[in-house]
Amino acid sequence: MDELMTSRQTIEEIDKEMAKLFEKRMDVAAKIAAYKREKGLAVKDSAREDALIEKNTGNIENPDYEGYYVNFLRNTIEISKRYQEKLLSGMKVAYSGAAGAFAYIAAKTLFSEAELICKHDFGLAYKSVENGECDCAVLPLENSYAGEVSTVLDMAFSGSLFINQVIDLPVKHCLLGLPGSDRNSIKKVISHPQALAQCGDYIERHGFTTKGFGNTALAAERVKEMNDPSVAAIASKETAEIMGLEILDENIQDSGINTTRFGVFSRSENSKKPEGRKDDEQFILVFSVKNEAGALAQTLNIIGAHGYNMRSLRSRPMKGLLWEYYFFIEAEGNINTENGQDMLRELGALCARLKMLGSYNTFNA
């Protein structure tokens, strides 16, 4: 047998072993997909993918092969993601609003193959996960312009669900009108009150009258139903495509950094590894303190003493209890370490009620 035939036979033997390893890898990918479905996690995890490539590339001894191996890994990861998306195609994800609304866009970005279930309000979306109708719910936590979404924070404190994923979605508003209409013919705009407020300078500059509507996408639907070329909606580009409206102007929001943070709520908590990179992790705690002098200061001191940097601290009134409040904290760091668990034990002894709402990496849309 000549050298070429010997080499080809060797490659066939290697490929046979690689096929077995490929099947084993895909079996594990299926288990990961099942875990992500249970925890309400997106298939894509860019930080994990980059870390995996960096780590595994170090196993290559011949530097001439390194670039090719990176491409091999990226292709393998992409195949794995496509398989996971197929397995998650029956997943049900609740959101509040209508198709084309920003909650819809956030849900579609995270769960492209899932069945998106529209609910009329935040409470119905939340309850649909609690009662098992849906696998997870994508709900807004705060907007960089309008602030926190208090209804969702209250459910997060009193409900049973966890936040395992957060997505920062840039809000880009468009002026939508009937096909063939012109911006100069517009006299009235309708949209959600927050969207109207976020485009206040633009509206004032053009002299539009306004009317509040329960949802940006529903406002666009109303414009289509009215069939009045003098009325436009403020909504997303995706809404225009879904409703068959024309984009008369783009990026009309006052602030170029207008962003809404959405949390993915699911029935079980995502338990991350203790050895995770601390600067990649964030977590959310909700708690109430005993009615004692300095109780809140003591809780904050405990968090700081364990080396966690608080990104935000909010207080909300507790329903049914006059002048009693609960607190919502987001902090940076991996809470699943021994240090983090020690901190939770110390807080538990001090707080009247303490809930670890979830740990997560932020998904940037």
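Biologist: Which residues does S89 touch, not counting residues up to four places away in sequence?

Modeller: This is a predicted model. In it, S89 sits in the loop that runs between α3 (66-87) and β1 (92-96). S89 and A114 are 25 residues apart in sequence, yet their C-alpha atoms are 4.7 Å apart in space. With residues up to four places away left out, the contacts of S89 are E113, A114 and E115.

Biologist: Does S89 count as buried, exposed or partly exposed, and at what relative accessibility?

Modeller: The buried class ends at 20% relative accessible area and the exposed class begins over 50%, with partly exposed in between. S89 therefore counts as partly exposed, at a relative accessibility of 40%.

Biologist: With which residues is E49 in contact, leaving aside its neighbours within four places in sequence?

Modeller: E49 belongs to helix α2 (residues 46-57). Its relative accessibility is 15%, and because buried means under 20%, E49 counts as buried. Between the C-alpha atoms of E49 and G147, 98 residues apart along the chain, the separation is 32 Å. Beyond its sequence neighbours, E49 is in contact with K44, I77 and K81.

Biologist: Which element gives the most residues to the largest nonpolar core?

Modeller: The largest nonpolar core has 26 residues, of which L139, V152, I163, F265 and L357 touch the most other members. Elements that each supply at least two residues of this core include α5 (122-130), β3 (136-143), α6 (150-158) and β5 (162-170). The element that gives the most, with five residues, is α6.

Biologist: Which residues does V152 touch, not counting residues up to four places away in sequence?

Modeller: V152 is one of the residues that touch the most other members of the largest nonpolar core. In soluble globular proteins, nonpolar side chains tend to be buried together. Residues up to four places away being set aside, V152 touches F122, L139, P140, L141 and F265.

Biologist: How many residues does the second, separate core have?

Modeller: Among the members of this second core are A42, V43, F102 and V171. The core is separate, and its number of residues is 24.

Biologist: Why is α4 described as largely enclosed by the rest of the structure?

Modeller: The buried residues of α4 are F102, A103, Y104, I105, A106, A107 and L110. The helix is largely enclosed because the buried residues number seven of the nine in α4.

Biologist: How do the residues lining the second largest pocket divide into nonpolar, polar and charged?

Modeller: The second largest pocket has a volume of about 620 Å³. Of its 26 lining residues, F122, P140, H192, Q194 and N215 are the closest to its centre. Elements that give two or more residues to this lining include α4 (102-110), α7 (193-198) and α9 (216-226). The lining divides into 10 nonpolar, 12 polar and four charged residues.

Biologist: How many disulfides does a search of the whole structure find?

Modeller: For C118, the nearest cysteine sulfur is that of C134, 11 Å away; C118 is partly exposed, with a relative accessible area of 37%. C199 counts as buried, at 0% relative accessibility. The sulfur of C199 is 9.2 Å from the closest cysteine sulfur, in C174, and so too far for a bond. In the whole structure, the number of disulfides found is zero.

Methods. Residues are numbered from 1 along each chain as its sequence is written. This is a predicted model: local features need pLDDT of at least 70, side-chain atom pairs count only at pLDDT 80 or more; totals for chains, interfaces and linings use all residues. Side-chain values use heavy atoms; hydrogens and water are left out. A nonpolar core is a set of buried Ala, Val, Leu, Ile, Met, Phe, Trp, Tyr and Cys residues joined through side-chain atoms within 4.5 Å. Buried means under 20% relative accessible area, exposed over 50%, partly exposed in between (1.4 Å probe, protein chains only). Helices (H or I, at least four residues) and strands (E, at least two) are DSSP runs, numbered from the N terminus. Contact means heavy atoms within 4.5 Å. A disulfide is a pair of cysteine sulfur atoms within 2.5 Å. On a 1 Å grid over the protein atoms alone, a cavity is a set of points where a 1.4 Å probe fits but cannot get out, and a pocket is an open set with protein on both sides within 12 Å along at least five of seven lines; lining residues have an atom within 4 Å of a point. Grid points are joined across faces, edges and corners, and a volume is the space filled by probe spheres set on the points. Ala, Val, Leu, Ile, Met, Phe, Trp, Tyr, Cys and Pro count as nonpolar, Asp, Glu, Lys and Arg as charged, and the others, Gly among them, as polar.
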